[in-house]
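Let's take a friendly walk through one protein model. Have the sequence and the 3D view ready as you read.

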Amino acid sequence: MQLSLAMLRTGILGYGGGPSVIPLIRHEAVIRYGWLSLDEFGETLALANALPGPIATKMAAYLGYQQKKTPGAIIAVLSHILPTCFAMIALFSAVQVLSSSSIIAGMIAGVTPVIAVMLGTMAYEFGEKAVKGLGLAAGSLSFIIAFLLLQQIQLHPAVVIMLFLAYGAMHYKLLARWKRQRAARKEE
């Protein structure tokens with residue numbers, strides 16, 4: 001029931017695509033129900049971003065699977081997408097009438113800053129965790145490298161995520177080897 005309600009809320013309240021829904025899913029999964037820690041959510045988000053398809057649906061499927069295996073994944077995805085499907089079917093005929101309305105255009109424009117603030121808050125929290133875990137210099141350097149790869153070179157975000165995952169795996173493997181060698185030297 002909690003899974004269904006959480007994904008129903010994200011499906012109903014999420015407006016503007018995946019990036020606007022992610023903070024809502026984070027709130028439900030991390031803050032409201034505690035299904036994931038903030039670190040686990042960040043890792044799940046990174047992996048979901050690297051896979052093809054809609055991010056919010058992948059996150060819903062993962063949370064559902066984590067909670068109740070395959071039936072949970074099905075329930076979570078359906079709970080997340082059905083409100084949108086019904087709304088699209090119900091409102092499709094009204095699109096032609098309302099598309100030229102300045103009131104509707106103003107409402108849509110009013111939502112954009114809210115989405116920007118939600119994404120900015122989430123980015124700040126992830127950045128803060130990165131600086132806490134990596135240190136200010138490494139965290140800032142990672143941010144600059146990611147920014148350059150995404151904005152200047154215009155690599156796909158999935159490629160950037162895979163590069164950082166590969167670097168992290170290599171870094172931890174080398175660090176573990178270095179610690180083993182250091183421990184072996186102390187024993188000699």
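This report looks at the fold, the surface and the largest pocket.

## The fold

Keep in mind that this is a predicted model.

Among contacts with a separation of 6 or more, 53% link residues 24 or more positions apart.

How much of the protein is buried? Of its 188 residues, 23% are buried. The accessible surface comes to about 12800 Å², and carbon and sulfur atoms account for 70% of that area.

## The largest pocket

Rolling a probe the size of a water molecule over the atoms shows where empty space is left. Here, the largest pocket holds about 2200 Å³ of space. It is lined by 43 residues, and those closest to its centre are Ala46, Phe126, Ala130, Ile161 and Phe164.

Which elements give two or more residues to this lining? They are α2 (18–32), α3 (38–50), α5 (102–134), α6 (136–152) and α7 (157–187). The most comes from α6, with eleven residues. By type, the lining divides into 29 nonpolar, eleven polar and three charged residues.

Definitions and conventions: Residues are numbered from 1 along each chain as its sequence is written. This is a predicted model: local features need pLDDT of at least 70, side-chain atom pairs count only at pLDDT 80 or more; totals for chains, interfaces and linings use all residues. Side-chain values use heavy atoms; hydrogens and water are left out. On a 1 Å grid over the protein atoms alone, a cavity is a set of points where a 1.4 Å probe fits but cannot get out, and a pocket is an open set with protein on both sides within 12 Å along at least five of seven lines; lining residues have an atom within 4 Å of a point. Grid points are joined across faces, edges and corners, and a volume is the space filled by probe spheres set on the points. Helices (H or I, at least four residues) and strands (E, at least two) are DSSP runs, numbered from the N terminus. Ala, Val, Leu, Ile, Met, Phe, Trp, Tyr, Cys and Pro count as nonpolar, Asp, Glu, Lys and Arg as charged, and the others, Gly among them, as polar. Buried means under 20% relative accessible area, exposed over 50%, partly exposed in between (1.4 Å probe, protein chains only). Contact means heavy atoms within 4.5 Å. Accessible areas come from the Shrake-Rupley method with a 1.4 Å probe; for residues, only the protein chains shown count as cover.
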